[in-house]
Amino acid sequence: MTRPLVLFTDETDLDPAPGRQLLEVAGCETLLAELPSRAGEPQALPAGAERAVALVVGYARIDEALLERLPNVGFIATMSAGFDMIDRAAAEARGIWVVNLTDAATEEVAAHALTLMLALERDLRGSVAVTAAGGWTDDVTAVPRRLSGLTLGLFGFGRIAQRFAEVAGPSFARVIAHDPFVTAPVHGVELVDRDALIAQSDVLSLHLPLTADTHGAIDGAAFAAMRPGSSLVNVSRGELVDPEALTAALNSGQLRGAAVDVLHGEPPAVDHPLRNDPRVIVTPHVAFLSDGSLEHYTLDPARNVLDWLRTGTAARAAVPGRDTEPLLPAGE
């Protein structure tokens, strides 16, 4: 029996070795490619990649043209909660299962959102700059807002946003959220429509997947509808926010500041204007990171592939595929 081939499409900031080892011990072959994340760049495949029956994807772009060159693929496992790098329609048309990670770093991303929000509202960057320059209290010019008088708004109310509401909510006067797929409030959060969320939030935190509908969701019109002097936190995807509109809102004072863990076109250019903007705190897409989450990110995609290889189906999928005959014997 030919050993099934699993293609790891790209080596990210996560080590693929543990996942590859898990699959190889179970009876698979693995290959590592260096596929690009940006459109328009050549998609060079290693020799033999056309035999791959499953993909483990980091940031690589999985489009229709690539899937045409990988005709045997029936399963794609992502190393992230997001799966916007995959052409969903092309995968669905081919009956390919797409399974993402839904709870690998809920605690970590919520904690990072809290960290960014507090650092932004307390002007941590400005205070550190004062001490670094040899100054002290009298040299501080920014006066932070009292959180207990503010409304925290959550755009998207899935696992991460709910955990964020649980830990941050007691500090705020009110917590509101908008998510068309959530109907039951938890942790005392009031569910509102999109317009109310934008208009009533003093701090707006984004917790949305990146889709055709959410791309650029926070644009010039959204910033104009926000409360003057509000702030923005984004630990989801950079493409949710129109960067020119963000800069314009900061320049006009409509936005007091922003704190983000994600930017457009990652990794962003070294001279990306938001990197050194004193009104913006930028961290390098590390919200997911902890010693506990790394095990899930490096091993769970391989485990998802193994489940499919042994059963021919997937119990949980972002994109449903077509059941097939198992390619590996059932594991212990």
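Between domain 1 and domain 2 the count is 1 salt bridge. In this predicted model, the side chains of Arg 237 and Asp 84 meet in a salt bridge, with 3.1 Å from N to O. By class, the side of domain 1 that touches domain 2 has 6 polar residues, 3 charged residues and no nonpolar ones.

Domain 1 covers 5-103 + 290-311, and domain 2 covers 106-282. Their centres, taken over C-alpha atoms, are separated by 31 Å. In the contact, 9 residues of domain 1 meet 8 residues of domain 2. The size of an interface is often given as the accessible area lost when the parts come together. Here domain 1 and domain 2 bury about 690 Å² between them. Of that area, 34% is on carbon and sulfur atoms.

**Salt bridges in the whole model**

Side chains of opposite charge can pair when their charged atoms come close. The total count is 13 salt bridges. Two of them are listed here.

| Salt bridge | N to O distance |
|---|---|
| Glu 190 and Arg 174 | 3.0 Å |

The pair of Glu 190 and Arg 174 links distant parts of the chain, 16 residues apart. Glu 190 is in strand 8 (residues 190-191), and Arg 174 is in strand 7 (residues 174-178).

**Aromatic pairs**

The structure holds 2 aromatic pairs. One of them joins Phe 75 and Trp 308. Why is this pair stacked? The ring centres are 5.4 Å apart and the planes lie at 20 degrees, so the pair of Phe 75 and Trp 308 counts as stacked, because planes under 30 degrees apart fall in that class. Phe 75 lies in strand 4 (residues 75-78) and Trp 308 in helix 10 (residues 291-311), so the pair ties together parts that are 233 residues apart in sequence.

**Backbone exceptions**

Most residues other than glycine have a negative phi, and most peptide bonds are trans. Two sites depart from this. The peptide bond from Glu 266 to Pro 267 is cis, with omega near -5 degrees. Pro 267 sits in the loop between strand 11 (255-260) and strand 12 (280-282). Asp 123 is not a glycine, yet has a positive phi of about 50 degrees. Asp 123 sits in the loop between helix 4 (106-121) and helix 5 (124-132).

Note on methods: Residues numbered from 1 in each chain as written. Predicted model: local features only at pLDDT ≥ 70, side-chain atom pairs only at ≥ 80, totals over all residues. Heavy atoms only, no water. Domains from an automatic or database assignment. Contact = heavy atoms within 4.5 Å. Buried area = accessible area lost by both parts, 1.4 Å probe. Salt bridge = Lys/Arg side-chain N within 4 Å of Asp/Glu carboxyl O. Nonpolar A, V, L, I, M, F, W, Y, C, P; charged D, E, K, R; others polar. Phe/Tyr/Trp six-rings, centres within 6.5 Å; stacked < 30°, edge-to-face > 60°. Helix = DSSP H or I, 4+ residues; strand = E, 2+ residues; numbered from the N terminus.
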